[in-house]
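Me: Hi! Could you walk me through this one while I have it open?

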Amino acid sequence: MAMLCASSSSSLLSTSSSPSTSKPSFASPKKTQFLGFNLSPPNSSIAANLLSRPHFQVRCQDLSVVPKEQRWMFEESEAQGPDIWNKTWYPKASDHVNTDKQWYVVDASDKILGRLASTIAYYIRGKNLATYTPSVDMGSFVVVVNAEKVEVSGKKRTQKLYRRHSGRPGGMKVETFDQLQNRIPERIIEHAVRGMLPKGRLGRALFNHLKVYKGPDHPHEAQQPIDLPIRDKRIQKEK
Amino acid sequence: MTRIKRGYITRRRRKKIRLFASTFRGAHSRLTRTTIQQKMRALVSAHRDRRRQKIHFRRLWIARINAVIRDNKVSYTYSRLINNMYKRQLLLNRKILAQIAISNSNCLSMISNEIIK
């Protein structure tokens, strides 16, 4: 794989650096298996060089269709192994063991609630990984500390309502943001993140990967959580 | 008119349908009229989803590429990558890019750095 990538990137480098020196190897335009139609690019010699090279005609990993002068590009393990270029990667059970997942820790003090919840949900779902799969729990664990210090902008502190219903008629209970923050501060962040995770069996399982705590301490030191990288610039509340 | 019994004709036809729906759950594999309906629905879903499959896979590849591309310290996104690729006339499709991203993400960073220049 490394050799193949190096060769493809080196071919890209060589074609981009010297388009005029290497000419196409055939006289008449022929159908490349890559595109399936005759291509005669009018203006770019780069595309012509990329397509004329026989590298792109090999679509399977059967070494018998590879011309002899190019067999050096294929390592033995790749040639006899599974076809990685025509089957999209799907994780095996060993790729998403809970014990091997990354743990992150975030300090929620003076962070805007929604922006923080969005970033947390992004990492819990696993969307930062190349191995992201929507049907499998590939994400990481996130620990949130100082949950009672999370901020909201505007008048939401007194006006944002949290509703719940007990199921019986007339059983709707309404609380404002600061009432809930005084009572159970963890619930605010949990409610926000739960609304941003997918709803369903997998979403409920993902929600269990969020750990929210009230003070600055958390019991997960053994997992050695690292700081959650936050790209959002407006997440810190300006004083 | 003499009476003609149809014999095994209907049974042969229904046997094929039952074989198709033999792995369905509950009454959908046992009751004849229900299996006929479920077979029809299954074939319709398969037809529709063969088209949706192409859409779903493309979405998955784009999400995977986006995930790796956004990891850089410079803010770089999938949309910018695709724009630069078209400008430099690099014909790698999203499937291959996603597989490169998974198996060898250094290679993908090499490609993207080359394209940015």
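Me: Which helix gives the most to the lining of the second largest pocket?
Reply: That is helix H4 (residues 113-125) of chain A, with five residues in the lining. Helices here are DSSP runs of H or I with at least four residues, strands are runs of E with at least two, and both are numbered from the N terminus. Bear in mind that this is a predicted model: local features need pLDDT of at least 70, side-chain atom pairs count only at pLDDT 80 or more, and totals for chains, interfaces and linings use all residues. Residues are numbered from 1 along each chain as its sequence is written, chains are lettered from A and ligands numbered from 1 in the order in which they are written, and side-chain values use heavy atoms, with hydrogens and water left out.

Me: Which residues lie nearest the centre of that pocket?
Reply: A:Tyr122, A:Tyr123, A:Arg231, A:Asp232 and B:Arg70, out of 18 lining residues. A pocket is an open set of points on a 1 Å grid over the protein atoms alone where a 1.4 Å probe fits, with protein on both sides within 12 Å along at least five of seven lines; lining residues have an atom within 4 Å of a point.

Me: And what classes are in the lining?
Reply: Seven nonpolar, five polar and six charged residues. Ala, Val, Leu, Ile, Met, Phe, Trp, Tyr, Cys and Pro count as nonpolar, Asp, Glu, Lys and Arg as charged, and the others, Gly among them, as polar.

Me: OK, new topic. Why is strand S2 of chain A largely enclosed?
Reply: Five of the five residues of S2(A) (residues 141-145) are buried, so the rest of the structure largely encloses the strand. Buried means under 20% relative accessible area, with a 1.4 Å probe and protein chains only.

Me: Which way do its side chains point?
Reply: A:Phe141, A:Val143 and A:Val145 point one way from S2(A), and A:Val142 and A:Val144 the other. In a regular strand the side chains alternate between the two faces of the sheet.

Me: What does S2(A) pair with?
Reply: S1(A) (residues 103-107) pairs with S2(A) in the parallel sense over five bridges, and A:Asp107 has A:Val145 as its bridge partner. S5(A) (residues 210-212) also runs parallel to S2(A), joined by three bridges, with A:Leu210 as the partner of A:Val142. Two strands pair if DSSP finds at least two bridges between them.

Me: Last one: how many residues of helix H4 in chain B are buried?
Reply: Seven of the ten in H4(B) (residues 94-103), including B:Arg94 and B:Gln99.

Note on methods
Buried < 20%, exposed > 50% of the residue type's maximum accessible area, 1.4 Å probe, protein only.
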